[in-house]
Amino acid sequence: MTRRRFPVRMAAPALVLAPLLLTIPAAVPARAAPPAAAIGPTAATLGCRLYFNDAGTGSSPTVWQDTFTLTQSPAEPKVGDTVTVTLTAPTGPDNGPVGLNAGDVPVNVTLALGGSLSGSATLRMSSYPARAVAPAEPLGPITATGTYFAAAAGAATLTVGRVTFANASATTHCSAAGDRDHKAAPVPTSIVENFTVGGTGTATPPPSPSASATPSPSAKPSPSLPPSATDDPPTATDEVDTPAQPFGPKSVKLNCKTLSSLSAWTATHTLSMSPSNPGRGAKVTVSLKFSAGPKSGPVPVGAGDLVPKATVKVGGVGSGTVNLKGPAYGAIDANAVLPGATLTGTYTTSQAGLVSLTVANIVFDHPQVDTECNAGADPVTGPKETSIVAKFTVKSRAATDDEGEGGGGGNGDGGGSLPTTGEGGVTTLMLLWSSAALLLGVGLVVVLPRRRRLLRS
């Protein structure tokens, strides 16, 4: 059966995807009495629509054909158990015409509880895809996990109602095969698990449940989906802290350019963020520390004349840039290695999910000559992002007062920035060893027009 394209995409919201023809849903093969622990592997076809900025009724209808397995642990739950549920799909939908980075599209799966149970549960895969994916390629395996509380004994069901690929610019919602508004009017899929909750009577969930279900002792004859939400955020107590992934301390080699002079710079870098597991709308401080700077030129630099700065690209569920700035250097002798520095800036979180921070450029700001450092062979004409990448997860809850809700001056896309001098490029007085920076060798600095350059990330 022909696989249809699944229009998950990043970046340009204005990109219009060509509509794709629907295929006939794959038949779900009959299966004989599966164990209570799992349903599947079973083939199924889901219908999907693309929602730019997760708004409107959706467009570009497509289908997603895969083999799904739904498991739970314990395999035979009893009244009072907190049950872990996992949904896997080995192939994943096809990417659209825009390449994706790892972690760009978090996955959220809504489960409806039926029979002796009621309410819903949300399964999550916070970082998806696991690797960068080219246009029109399968996004790869999905493993989404969540929990529910077994509140009452008796025959029960788990039904996959909706799958959401929560890209901030182009969210995709999928439910049962067919074309409709899968966000506002999802139809339960054929991925249904029948099982029995053992024991007798009913139980009350613990005060701080880890389940995202809202159990009730009353039975419902059939599962129903909860009201539509962007990604069905749980309560604050539903999500555990996800350990952040700061970068370093690690030795990194970068290239630097001053005027027409190229040089290598190797130092130990550390990129971190605080708080490391914030809520939506929190002000996060991003810090970049390096052990030593590049080597200065043959002319001394006056105190306060040189300021280290950096540009950090925000990816994952966020977008934009964070501008970092360190304190101005003191007086620097000629031919001296610049001291280490700590640069900081702020970022205001927006959507829940995995955020990546990538150092795109490190620059040294002097009133006369710019030095730019990054991973490009020519850091000015061919800039390239560095390998300095950190990650952290934004929780679904709103930011607390301690997290500085609403601060940081971030833009609406999730990128924040500090005010900077100039227009985004940075300068340094790391002068050429040649006469380009000296006047006939007598040690006088030639005052050159200030050069400002914005990196394109």
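Residues are numbered from 1 along each chain as its sequence is written, and side-chain values use heavy atoms, with hydrogens and water left out. Because the model is predicted, local features need pLDDT of at least 70 and side-chain atom pairs count only at pLDDT 80 or more, while totals for chains, interfaces and linings use all residues.

A disulfide is taken here as a pair of cysteine sulfur atoms within 2.5 Å, and by this rule there are two disulfides to visit.

Begin by selecting Cys48 and Cys174, which are joined by a disulfide with an S to S distance of 2.1 Å. The pair links distant parts of the chain, with Cys48 in strand 1 (residues 38-52) and Cys174 in strand 8 (residues 170-176), 126 residues apart; strands are DSSP runs of E, at least two residues, numbered from the N terminus. Turn the view to look along the S-S bond, about which the angle is 110°, making this link right-handed. Cys48 is buried at 1% relative accessibility, and Cys174 is buried at 0%, where buried means under 20% relative accessible area (1.4 Å probe, protein chains only).

Next, select Cys256 and Cys373, whose sulfur atoms lie 2.2 Å apart in a disulfide. This pair also links distant parts of the chain, from Cys256 in strand 10 (residues 247-258) to Cys373 in strand 17 (residues 371-374), 117 residues apart. The torsion about the S-S bond of Cys256 and Cys373 is about 110°, so this disulfide is right-handed, and both cysteines are buried.

Finally, display both pairs together: with bonded cysteines counted along the chain, the disulfides follow the pattern 1-2, 3-4.

Note on methods
Helices (H or I, at least four residues) and strands (E, at least two) are DSSP runs, numbered from the N terminus. Buried means under 20% relative accessible area, exposed over 50%, partly exposed in between (1.4 Å probe, protein chains only).
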